[in-house]
Amino acid sequence: MEIGLYTLGDIGPEPFSGSTISARQRIKDIIEAAKLAEEAGLDLFGVGEHHRLDYAVSSIPVVLAAIAQTTSKIKLTSATTVLSTVDPVRLFEDFATLDLVSDGRAEIIAGRGAFIESFPLFGYDTDDYDALFTEHIELFLKLNKNERITWNGQFRPPLRNMEIAPRPVQKEIPIWVGVGGSPESAARAGRLGVGMAIAILGGMPERFKPLVDLYRKTGIEAGHPAEQLNVGITGHGYIAKTTQQAMDEYYPYYSNYWSYVNRQRGMGGTISRADFDRMAGPDTALFVGSPQQIVEKILYQYELFGHTRFLAQIDIGGLPFKKVAEGIELLATQVAPIVRRETSKESN
């Protein structure tokens, strides 16, 4: 199993002092986290896209290109690219260039986004939310396979025998579809034969099993080989030496994160400590605990989903970089080796 990290670059207020990190420092910390992840032996680092002042990253390829210059092996992915509101040609060119800069390490997780600010920003209509995603991913897959393309669609000018350049180091840029819980999205990923990355941010992981089954069933029915239908799991996480320490240290930041994310969405409410303790219980999908607890959660989900990739978001809510660095070290040295060994046994 590939194991890595992702960040959305949130820059909300720190829960104790109320101070807010600058976007410049946040991006520097993200680059440093990716460097540490590679040095510690993780496989993958992802960066998400937002177009708001309370997030630091709007241009994923630029940040990943900076990371590419301080790393040499770790795969670099978007997490996610808001595909509905980006021109697929520009997206392909940017990630093909990143692939050249990084010597073949670029990937894309494409999604429809949790926020909608990019629609008015780039002149798209939210009524076309789903149709835009469908057209854009189908066009991207054609661009990925062809140096020249003739194409006609609804939302962008037609292409008449146009050259698509540059071409990446990899034969094609790997693309996954990010799925939050929609059966339609899971089925579409299967029909297209691309990877499916499921965001499981809480609750019981078993509720996502029907999505994985639907994805694989639809993909096989569409003629794609089973080994091409890869599943990735992404989620929030925090690791400390003991589960109690992890719960105590993480709660203020986790609660803080959801308080400002909910405000951004026009919602209220905070998470009590009792609620958090239930949300982070041993049977739930929230990856908070000792290394052994995290191993057990990942392996339990592997029994459910048979996934090939796990990505943890460990830097939310104003968490100090020192704690992020400690989490990277624990994930890489005390979780990843055991998970890789156990899942390798299963596959053999």
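Ground rules, quickly. The model is predicted, so local features need pLDDT of at least 70, side-chain atom pairs count only at pLDDT 80 or more, and totals for chains, interfaces and linings use all residues. Residues are numbered from 1 along each chain as its sequence is written, and side-chain values use heavy atoms, with hydrogens and water left out.

Salt bridges to begin. Side chains of opposite charge can pair when their charged atoms come close. The cut-off here is a side-chain nitrogen of Lys or Arg within 4 Å of a carboxyl oxygen of Asp or Glu. By that criterion the structure holds 26 salt bridges.

Pair one is glutamate 117 with arginine 52, at 3.9 Å from N to O. This pair links distant parts of the chain, 65 residues apart. Glutamate 117 sits in the loop between strand E5 (106–111) and helix H4 (118–121). Arginine 52 sits in the loop between strand E2 (44–47) and helix H2 (60–68). Those labels are DSSP runs, numbered from the N terminus: helices are H or I with at least four residues, strands are E with at least two. Arginine 52 counts as partly exposed because its relative accessibility is 24%. On that scale, buried is under 20% relative accessible area, exposed is over 50%, and partly exposed is in between, with a 1.4 Å probe and protein chains only.

Pair two is lysine 209 with aspartate 213. Their closest N and O atoms are 2.9 Å apart. Both belong to helix H7 (residues 209–221), and they are 4 residues apart, so about one helical turn separates them. Lysine 209 is partly exposed at 27%. Aspartate 213 is partly exposed too, at 36%.

Aspartate 248 is partly exposed, with a relative accessible area of 39%. For arginine 273 the value is 27%, also partly exposed.

There is also a network. Glu2, Lys75, Glu107 and Arg309 are joined by salt bridges that share partners. Keep Arg309 in mind.

Next, threonine 284. Where does threonine 284 lie? In the loop between H9 and strand E11 (287–289). Threonine 284 is buried, at 9% relative accessible area. A polar atom of its side chain lies 2.7 Å from the backbone oxygen of methionine 279. The backbone oxygen of glycine 281 lies 2.9 Å from a polar atom of that side chain. Leaving out residues up to four places away in sequence, threonine 284 touches Gly203, Met204, Pro205, Arg278, Met279 and Lys297. Contact means heavy atoms within 4.5 Å.

Last stop, strand E12 (residues 309–313). How many of its residues are buried? 5 of 5. Arg309, Leu311 and Gln313 point one way, Phe310 and Ala312 the other way.

E12 has parallel partners. Strands pair if DSSP finds at least two bridges between them. Strand E1 (residues 2–7) is joined to E12 by 4 bridges, running parallel. Within that pairing, isoleucine 3 has phenylalanine 310 as its bridge partner. Strand E10 (residues 231–239) is joined to E12 by 5 bridges, also parallel. There, glycine 232 is partnered with arginine 309.

Definitions and conventions: A polar contact is a pair of N or O atoms within 3.5 Å; within protein, one must be able to donate a hydrogen and the other to accept it, and residues adjacent in sequence count only if both atoms are side-chain atoms.
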